[in-house]
Amino acid sequence: MSLLNATVLCVRPIGVTSDFCPVCRCERRFRLAQAEHRRYTLCINQGRQGQPHHELTCLVCACKVERPAEERPIEILPDPKSCGTHEPESLPVVRARINDCIAMEEALASGRLKGEDREEMIRHTLWCFARIYDEEPTERIKPAYKLLVLLVAIAVGVLGYWAWRSTDHWWPLAGAVVAIVLLALAHIYWVTTHSPRKRVRTWLAQSLLPLNPTREEIRRARAEMQGKRVNAGFRIRSEKVLAKIEKLKAGS
């Protein structure tokens, strides 16, 4: 069905910008891109669905965070060739958030981050990755690519069957089956290594590691997301995040 009718998250580079990185825990430079969902029918782009948002990729740790497009208003998207140097103007709310996060980070380092400020930092960290948690691993793959993989697999299978029938030897068909399995594994590997959804739990755990949150603190942040009907509130698993944090502690 995904080849006939699919919604794809399309990401287009815009430029560079500054923001607070929850993994590096300081102000960083980011690659800036516009992300928007587009509906494809029979591999034909039918247009945008919903409102676009901005995806920021840290130039140091490579983590991805999502920000509202309204924070960096752009009337006309720049030429992708200039995305390495173009820096759109940010609204004052961006600088205010950076300053607030830096102040809380300094309070954390000095042992003064407690109570509501501590919960706010945990809450902010979870919200940074909420939209990525809502993604499906294959959401960024266009139907044309899936169709190409399918056609190659069918072609290999047909050639293997034809060679088997022509030579009366079983090895061409076995070779075709092996080739199709390897193609499927290569596709799965590519999706796994390129999908932010497969890495977001690691980013979240790295961000929460200095805060050492409890299950109850994560639960309260998730409950807020659930109350606002954000799917990440249901998809984030406190026990898995805490287990990842413990694994990072053991590794360090």
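Read along the sequence, what pattern does the protein chain follow?

A: The pattern is β-β-β-β-α-α-α-α-α-α-α-α-α. That gives nine helices and four strands. Helices (H or I, at least four residues) and strands (E, at least two) are DSSP runs, numbered from the N terminus. The model is predicted: local features need pLDDT of at least 70, side-chain atom pairs count only at pLDDT 80 or more, and totals for chains, interfaces and linings use all residues. Residues are numbered from 1 along each chain as its sequence is written, and side-chain values use heavy atoms, with hydrogens and water left out.

The C-alpha atoms fill a box of roughly 80 × 45 × 35 Å along the principal axes. Of the 252 residues, 38% count as buried. Buried means under 20% relative accessible area, exposed over 50%, and partly exposed in between (1.4 Å probe, protein chains only). Among contacts with a separation of 6 or more, 66% join residues 24 or more positions apart. A contact means heavy atoms within 4.5 Å.

Now the pockets. On a 1 Å grid over the protein atoms alone, a cavity is a set of points where a 1.4 Å probe fits but cannot get out; a pocket is an open set with protein on both sides within 12 Å along at least five of seven lines. Lining residues have an atom within 4 Å of a point. Grid points are joined across faces, edges and corners, and a volume is the space filled by probe spheres set on the points.

The largest pocket has a volume of about 480 Å³. It is lined by 20 residues, and the closest to its centre are Glu66, Arg67, Pro68, Trp127 and Arg131. At least two lining residues come from each of β3 (44–58), β4 (64–68), α2 (115–128) and α3. The largest share, five residues, is from α2. By class, this lining divides into seven nonpolar, three polar and 10 charged residues. Ala, Val, Leu, Ile, Met, Phe, Trp, Tyr, Cys and Pro count as nonpolar, Asp, Glu, Lys and Arg as charged, and the others, Gly among them, as polar.

The second largest pocket has a volume of about 180 Å³. Its lining has 13 residues, with Pro13, Arg31, Leu32, Ala33 and Thr57 closest to the centre. Two or more of the lining residues come from each of β1 (5–21), β2 (26–41) and β3. The most, five residues, come from β1. This lining has seven nonpolar, three polar and three charged residues.

Leu77 sits in the loop between β4 and α1 (92–109). Leu77 counts as partly exposed because its relative accessibility is 28%. Leaving out residues up to four places away in sequence, Leu77 touches Arg12, Ile14 and Gln34.

Last, the helix α9. Ser238, Val241, Leu242 and Ile245 of α9 are buried. Seen down the axis, the buried residues of α9 fall within an arc of 95°, so they line one face of the helix. The arc is that of the directions from the helix axis to the C-beta atoms. What covers them includes α3 (130–133), α6 (200–208) and α7 (215–227). On the other side of α9, Lys247, Ala250 and Gly251 are exposed. The length agrees too: at 1.5 Å a residue, the 14 residues of α9 (residues 238–251) should span 20 Å, and the end C-alpha atoms are 20 Å apart. The expected span is 1.5 Å times one less than the number of residues.
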